[in-house]
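Biologist: I am new to protein structures. Could you show me how to read one, feature by feature?

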Amino acid sequence: MTVYITSIIRLFSIQRLSGQSRSAILWNPEKELFTELYQYPEHLRHTLENLPGSSGVYIFYGDDKAFPLYIGKSVNIRSRVMSHFRNPAEAKLLHMTRDIEHIETIGEVGALLLESDLIKTRRPLFNKRLRTARKLCSIRLQGLTASIVFSDDVDFSHSEDLFGLFKTKMSAVEKIRDIADQEKLCYGALGLEKLSKNRACFRFSLGKCAGVCCGKETPEAHQARLRSALSTLKIRSWPYPGRIAIVEEANGQTDYHVINHWFYLGTVKTLEAARAFDIAVPHFDRDSYKILCRPLFETDSSKVILLD
Ligand SMILES: [Zn+2]
């Protein structure tokens, strides 16, 4: 009984304090717990009721439509948007939202590409995930050497010997160091520290280097362990002669997502329009690359049409 009275008092306090976004506490007889649910604000009720249960992108706006607050995607726009209203951490976003716009897509690939594109071009206040630096770096293995290269010097979509995508040089170095520690590789041979001539490195005396620095193993064996440890991070070079269209079909509709060297050019409704898309690829796009690897390599269902 005490719990019940306390909760009723909480219910009234929350309703008085929360203003537009009312909260309610519901009695759950099965669990004998009071569960707090965040309800959607009155002024958004009509918009929310009209959101479709199909895939696409949604945009939260505050007072100024020129600057979106948040952009998200889902295979079910309505249920995803509603889920934002059940998380106390998103209360600030909720209070600032005045309107929600949605753009339907035929499928999930279209939603992912559009979300990524809109986040880059419209830079919403609350999105952090896809706002990546344009300059990326990667680990290049050539012969017996390993080096760190940058996306403005090397074309990541054409190179066969790149492993991993990193936002900073420091994170790439950290990766090499982790692998060296796991695989007993030599910091000296990897260029992470200077080696004295004709002397084993300090980590060899600790048993942490297998001894490529003092002839205890061959440089080939050393490089093979590094390559093997990095193998899952290998960047796939663009496997097509030029542009492609990924075809997405549902409910009698078709979308053609036009891609060139991992860069998303746009989505159109006809193959003719897809062929007409021919703009220069400005830079390697990490987000498109990550989105597209799965439909192009890991699922058999994607239909790809070569445009060049
Ligand atoms: Zn060593």
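Modeller: Gladly! Let's start with burial: a residue is buried if 20 or more other C-beta atoms lie within 10 Å of its own, exposed if 12 or fewer, and partly exposed in between, with C-beta atoms placed from the backbone. A nonpolar core is a set of buried Ala, Val, Leu, Ile, Met, Phe, Trp, Tyr and Cys residues joined through C-beta atoms within 7 Å. This is a predicted model, where local features need pLDDT of at least 70 and side-chain atom pairs count only at pLDDT 80 or more, while totals for chains, interfaces and linings use all residues. Residues are numbered from 1 along each chain as its sequence is written.

Biologist: Which residues touch the most other members of the largest nonpolar core?

Modeller: In general, nonpolar side chains of soluble globular proteins tend to be buried together. Here the largest core has 58 residues, and Leu 185, Cys 186, Leu 190 and Ile 259 touch the most other members. Helix α5 (residues 108–122) contributes the most to this core, with seven residues. Helices (H or I, at least four residues) and strands (E, at least two) are DSSP runs, numbered from the N terminus.

Biologist: What does Leu 185 touch, beyond residues up to four places away in sequence?

Modeller: A contact means that two C-beta atoms, placed from the backbone, lie within 7 Å. For Leu 185, the partners include Ile 179, Leu 190, Cys 209 and His 222.

Biologist: How should I read helix α5?

Modeller: The expected span of a helix is 1.5 Å times one less than its number of residues. With 15 residues, α5 reaches 21 Å from its first C-alpha to its last, close to the 21 Å expected. Since 11 of those 15 residues are buried, α5 is largely enclosed by the rest of the structure. Among the buried ones are Val 109, Leu 113 and Asp 117. Just after α5, Arg 123 takes a positive phi of about 45 degrees.

Biologist: And in which sense do strands β10 and β11 pair?

Modeller: Two strands pair if DSSP finds at least two bridges between them. Strands β10 (residues 253–260) and β11 (residues 263–268) are antiparallel, over five bridges. They form a hairpin with two residues between them, and His 261 in the turn has a positive phi of about 45 degrees. His 257 stands opposite Thr 267 in β11.

Biologist: Last one: is Asp 99 buried or partly exposed?

Modeller: Asp 99 has 15 C-beta neighbours inside 10 Å, so it counts as partly exposed. Asp 99 lies in strand β5 (residues 99–104). Leaving aside neighbours within four places in sequence, Asp 99 is in contact with Thr 47 and Tyr 61.
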